[in-house]
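Grab a pencil and have a look at this one.

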Amino acid sequence: MSDALINGLAGAGGGIIAQLITYPLQTVNTRQQTDRGLKKEKSKLGTIEQMLKVIKHEGWERLYGGLAPSLVGTAASQGVYYYFYQIFRNKAEAAALERRKIGVGDGSVGMLSSLVVAALSGCVNVLFTNPIWVVVTRMQTYKKNLKKSEPVQELSTAQDEPVLAAAEPPPFGTTHAIQEVYDEAGVLGFWRGVFPTLIMVSNPSIQFMLYETMLKKLKQRRALSKKDNSGVTALEIFLLGALAKLGATVVTYPLLVVKSRLQAKQVTTGDKRHHYKGTSDAILKMIRYEGLYGFYKGMGTKIVQSVLAAAVLFMIKEELVKGARFLLTNKVKSKPP
């Protein structure tokens, strides 16, 4: 089994576990991002209060709306990302060794090379998996009141508790979301938000650059210590992953909000704030109607969710990689000569 395949499968496994743990936070965060409140109309409810409100008026299952395609998307995203990351990383390491032979560099992959490797891996991942995340966004932002027959319901707010408690239509499943996207924009609708998402590859690029830099420094410090142990514990991997994701999330969050707005259901009639023709149109309308605050809606929730998910992902991935390599090594040793 190749090192790239081991990392790909381990990344997929770690991503699924992290997704299961943090999914309710993702659902609430997506709803926060797609809220079109006017300037200074800041939500008075915190993340926990919003989660409880969803449970009360829509049922706890709405916190897990889109979980099935999200798990597929997470496994696909992490698998594709780590697989191509390892391939590009191997090529970068080989190139670094070649440069050392001619007296250039020390043979290690530098920060810039790590950034390029992560960016290329991210672009491949986005192009492959964007349709899945469009469907997930639709399912996360679906609310019972959007399917009501009463004309006033479309513009009603979450404060209208009696209306929210009314009878709901059939469950909004994956096939409903797919049909809705197709009816709205055809096949190209499944790649809505791909432009800001491609720009957002800087998030994992920054994340992995920070993570690998900190991990390398820690291993070097351990190697020079008297303990003569360069190993890194699962807890340390957890903390390094959390710090790396925190830095990346703060920088790229506005792009994430724009992406969510584009992928959510577009309202073609009524309030024009609810309809975006493209990335630039979304940005301009958000600036006009919501101000700078609109680009950072739900950022606190996202930081908590992203940091927790990334930390769990890194910890689980590293443990799975270690376990796979250990099993493969023992298998080779146990073979008769």
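**Exercise 1.** How far apart do the end C-alpha atoms of residues 232–256 lie, and what percentage of the span is helix or strand?

Solution. Keep in mind that this is a predicted model. Start with the make-up of residues 232–256: the span is 92% helix and 0% strand. Then go from end to end, where the C-alpha atoms lie 32 Å apart. Now bring in the record: an unreviewed UniProt entry lists residues 109–128, 190–211 and 232–256 under "transmembrane region". Run the check again on residues 109–128, and you get 90% helix, 0% strand and 27 Å between the end C-alpha atoms.

**Exercise 2.** Work out the overall fold content of the protein.

Solution. Count the elements: there are 11 helices and 0 strands. Next, take burial, where 47% of the 337 residues count as buried. Turn to contacts: among those between residues at least 6 apart in sequence, 81% join residues at least 24 apart.

**Exercise 3.** Is W60 buried or exposed?

Solution. First, find W60: look in the loop between α2 (47–58) and α3 (67–101). Second, apply the cut-off: exposed means over 50% relative accessible area. W60 has 57% relative accessibility, so W60 counts as exposed. Third, see what W60 belongs to: together with I48, L52, I55 and Y64, W60 forms a nonpolar patch on the surface. The five residues of that patch share about 530 Å² of accessible area.

Terms used. Residues are numbered from 1 along each chain as its sequence is written. This is a predicted model: local features need pLDDT of at least 70, side-chain atom pairs count only at pLDDT 80 or more; totals for chains, interfaces and linings use all residues. Side-chain values use heavy atoms; hydrogens and water are left out. Patches are made of residues with over 30% relative accessible area and no salt bridge: like charges are joined within 9 Å, nonpolar side chains (Val, Leu, Ile, Met, Phe, Trp, Tyr) within 5 Å. Accessible areas come from the Shrake-Rupley method with a 1.4 Å probe; for residues, only the protein chains shown count as cover. A salt bridge is a side-chain nitrogen of Lys or Arg within 4 Å of a carboxyl oxygen of Asp or Glu. Helices (H or I, at least four residues) and strands (E, at least two) are DSSP runs, numbered from the N terminus. Buried means under 20% relative accessible area, exposed over 50%, partly exposed in between (1.4 Å probe, protein chains only). UniProt positions are given in the numbering used here, feature names are shortened, and annotations may be inferred rather than shown by experiment. Contact means heavy atoms within 4.5 Å.
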